[in-house]
Amino acid sequence: MALLVTNYLLLFVGSISSTLLSRYYFIHKGRSRWVSTWVQTAGFPLLLPPIYLPYYLFRSTPRRPFSHFTLPILLLSLLVGLLLGLNNLLFSWGNSYLPVSTSSLLLSSQLLFTLILSVLIVKQKVTFQNLNCVILLTLSSILLGLGSSDDRPTGLTRSNYFVGFFCTIGAGLLFALYLPVMERIYRPVNLSSSPL
């Protein structure tokens, strides 16, 4: 339970701070969307020690990391990683043009995309709790976005606004695709590693 709470806390802090830091970078004359994209994806080697330490150092798990990965699963994982990099590029592109409130509002569409794609890809059942969660979180994001109109960047042209708009929607769609695809890819790994 402590690990789960820590994970959610880090996700919460990371998602909020990444959006604000990215916007801060672009407001203060940062120009490179590639740098912003790289910063979002460069931290993946930090995940390797928590994956390997329980097996090699603490001997707290009998399963060796990545032992049940086959070549197709590895190739699919690399493809998903590239799609996640494209998602980060779209997010950086959209965040370079849009204010944080509008970006948050558009990214809330990810919830609806996730629900639809989960039903299509992993056959997730739609329940009242799922729909309630999507509706409430989407409405709260809309209220947040509509309530703050004073953070619109100066000199934002109509064409730049639409580029940011569609890039942010694309980032939400790609991340919504990422979640059920990862579950679908790793389901055989979980089944083959579970004790009989």
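Modeller: A patch is made of residues with over 30% relative accessible area and no salt bridge, and nonpolar side chains are joined within 5 Å. The model is a predicted one. In this model, F44, L47, L48, I51, Y52, Y56 and F66 make a nonpolar surface patch of about 670 Å². One of these patch residues is Y56, which belongs to helix 3, spanning residues 48-56. Y56 has a relative accessibility of 43% and therefore counts as partly exposed, because that class falls between buried, under 20%, and exposed, over 50%.

A polar atom of the T114 side chain lies 2.7 Å from the backbone oxygen of Q110. When neighbours within four places in sequence are left aside, the contacts of T114 are with A176 and L179.

The loop between helix 6 and helix 7 (128-147) contains K123. The backbone of K123 has a phi near 60 degrees, a positive value in a residue other than glycine. K123 is exposed because its relative accessible area is 62%, and the cut-off for that class is over 50%.

Key: Residues are numbered from 1 along each chain as its sequence is written. This is a predicted model: local features need pLDDT of at least 70, side-chain atom pairs count only at pLDDT 80 or more; totals for chains, interfaces and linings use all residues. Side-chain values use heavy atoms; hydrogens and water are left out. Patches are made of residues with over 30% relative accessible area and no salt bridge: like charges are joined within 9 Å, nonpolar side chains (Val, Leu, Ile, Met, Phe, Trp, Tyr) within 5 Å. Accessible areas come from the Shrake-Rupley method with a 1.4 Å probe; for residues, only the protein chains shown count as cover. A salt bridge is a side-chain nitrogen of Lys or Arg within 4 Å of a carboxyl oxygen of Asp or Glu. Helices (H or I, at least four residues) and strands (E, at least two) are DSSP runs, numbered from the N terminus. Buried means under 20% relative accessible area, exposed over 50%, partly exposed in between (1.4 Å probe, protein chains only). A polar contact is a pair of N or O atoms within 3.5 Å; within protein, one must be able to donate a hydrogen and the other to accept it, and residues adjacent in sequence count only if both atoms are side-chain atoms. Contact means heavy atoms within 4.5 Å.
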